[in-house]
Amino acid sequence: MSGESRFLGFWYVLPYVIGLLIFTGVPFVASFWLSFTDYRLMRGAEFVGLENYVDLFTADRTFMRSLNVTLAYVALTVPLKLAFALFIAVILNYKLRAIGFFRTAYYVPSILGGSIAVAVLWRYIFADTGLVNMALGVFGIEAINWFGDPATAMFTITLLRVWQFGSAMVIFLAALQSIDKSLYEAAAIDGASKWRVFLSITLPLLTPVIFFNLVMQMVQAFQEFNGPYVITNGGPLRATYLLPLYIYETAFKKFDMGYASAIAWALFAIIMVLTVVAFWSSKKWVYYAGDKRS
Amino acid sequence: MKTIVSALALSLGFIGAASAAELRMSWWGGDGRHLATQEALKLCGAKLGHVVKPEFTGWQGHGERVTTQLAGRTEADVMQINWPWLHQFSADGSAFADLRDYADVIDLSQWTEDQLAGGTMNGKLNGLPVSVTGRVFYFNDAVFEKAGLPLPKSWADLEEAAKKLNPEGAYPFDAVKLNAIFIVSLAAAQQTGKDLIDPETGKVAWTEEELAEALKFYQSLSEKGVIRPWRTAVAVGNIELFDEAAWRDGKVGGSYEWDSTYGKYADPLVEGKLIPTPPFRVEGATSDGVYRKPSMVFSISKNSREPKAAAEIVNCLLNDPEAVTILGDTRGLPASAVALKTLTEAGKLSPELLEAAKIVSEASGPAVSPLNEHPAVREALNDAIEEMAYGQISPEEAASTIIRSVNRALTRM
């Protein structure tokens, strides 16, 4: 390999690396430093040591409440979204008529779902006089106050997230199509039922992809902002007040950048710990074909 | 000769173009304000030879937008700034240009020294008051007429109205979220004669008992059907009252709003007229407890490359009779003397707005601290009142929580 071509790859990735360093690396390091300061945006930063973190974990009622809500949201949305994505992927893996259309149609919510426009639409759909309550009325079911009750408000923003299952579905679909067909043929010869085939062949061979989707979806769910901000603004009773909303309000409404950075780093630490736990547990349940342990 | 004149005119045109500035102006508001401001900017731009690019949004999110721009030094040359933001952005007066430096361009004699003091931070004139504002009660007359009731003049009248309106699924008044805070503050200020924040100590001025009384009063409004239960009011999701079908269709009869927002609340009504009314007094009130403050101000960016041109635009918008006429009452009753005179003589001020402004100026109430509107203070009040409204805590517990949380927030500031 000539000297020039040896560095070719480096040149290709250089623009991305520069962008990453400027727009992610620098703010990442800066926010860590700022989390130890009292930084009021227009006044400059003053070092305060661990004060922000001590305040966060000992005196901040809103943080603890928001943390609980965020954990509940992640615990709800991630398994539901993965299950739904896998379910649809299995259906779309069959050779059906117009399958291309259905695969595209099911992916569309993922493109739209995170947008403000869809969040506004969601707000209208679940409003007291919205589409959902109108539909319930047709069946004689009394209208539900979706946004007025903490549990149902959480349900509406959870549903919006689950609805955006397309990306996970596409990955599942690709993995399903790469499973060796001979395994299914062998199972058919042995007379295995469809459910048995799914549990003993499909699911184990999908575990690396399930693991990948689990980590990705978990990280994304911890960062959810648009839905609760537009639909409920974190209410009622802060039942949908996820940590990203709290970070945003602390930073851009209260202008308390140091404290907002501390919350962001607390969130980062939580995501990191859960990701490490997921990686650690993966040794016990993820099956890699060709792995020496298998 | 004709050729010489044409050549002279052309050359003057070029000279004018050379001094022309490209500026940006940002503001928040409703459609009426957006349209009028754009038109006025075109007029001022044409008069002064500048081009002003408008940047406008609704109220929600505008503060965050300005904050980000100020932090990144990408703010517009001319900004409409909410009065409490001056304290947050520019406590030392350094975040905006000192408008006294442009006294040769802006006719500051149109404002009283008291008015200018409201926009002065640490001795620097950071913002020119556009209007003075305060909270007044507004009632949709059609709601009460239909129910065969006179316009309410007291809380007792509202209680009576509730008895007639509630069976129709309607409520005579509204006070959730931000308005809940204002109603509780109104009751406490009326009874104590004091603002939430003691200017001497920088802590909550009300005792737990005083605040608990105000909270009990608020709770009684919900129990008596005067206001919608919190749970019912938020069933539409995160939208403002004037955007709600309930307001538009007369299912809510009144609200406690800024006098400058008359149009925003009056325009959507399908039926009826919005009537401004002085705030009702609670039992044992020692004052009207009105919440009155300098409204928005116009500020100029300290990073503007064309501050003088920006000052010319500000002067035009606030003092030029033509521009003032176009803007009308879209920002409330003007603070500038010449603007007020122009609009009054042109009959451009709606009688309702004049009445509302009169109510605000004549009512008694304590001087309010800009920290009342600090998001941390608002959050502390909102959380506790909401919990009380959902029956999770008592008024006494809410009072104790508010005082603790607000004092903590004030200490952090």
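Guide: Let's start with a pair of side chains: T133(B) and D259(B) are joined by a polar contact of 2.6 Å. A polar contact here is a pair of N or O atoms within 3.5 Å; within protein, one must be able to donate a hydrogen and the other to accept it, and residues adjacent in sequence count only if both atoms are side-chain atoms. Keep in mind that this is a predicted model, where local features need pLDDT of at least 70 and side-chain atom pairs count only at pLDDT 80 or more, while totals for chains, interfaces and linings use all residues. Residues are numbered from 1 along each chain as its sequence is written, chains are lettered from A in the order in which they are written, and side-chain values use heavy atoms, with hydrogens and water left out.

So where does T133(B) sit? You'll find T133(B) in strand β7 of chain B; strands (E, at least two residues) and helices (H or I, at least four) are DSSP runs, numbered from the N terminus. T133(B) is buried, with a relative accessible area of 2%. Buried means under 20% relative accessible area, exposed over 50%, and partly exposed in between (1.4 Å probe, protein chains only). Not counting residues up to four places away in sequence, T133(B) touches W258(B), D259(B), S260(B), Y291(B), R292(B), K293(B), S295(B) and V360(B), where contact means heavy atoms within 4.5 Å.

Strand β7 (132-140) of chain B also has a helix packed against it: the buried residues of α7(B) pack against this strand, and against α6 (141-146), α8 (178-192) and α9 (208-223) of chain B too. Helix α7 covers residues 155-165 of chain B, and its buried residues are W155(B), L158(B), A161(B), A162(B) and L165(B). Looking down the axis of α7(B), these buried residues fall within an arc of 110 degrees, so they line one face of the helix. That arc is taken from the directions from the helix axis to the C-beta atoms.

T342(B) is buried, with a relative accessible area of 16%. Leaving aside neighbours within four places in sequence, T342(B) is in contact with P321(B), V324(B) and T325(B).

Finally, look across to the other chain: 36 residues of chain A are in contact with 32 residues of chain B.
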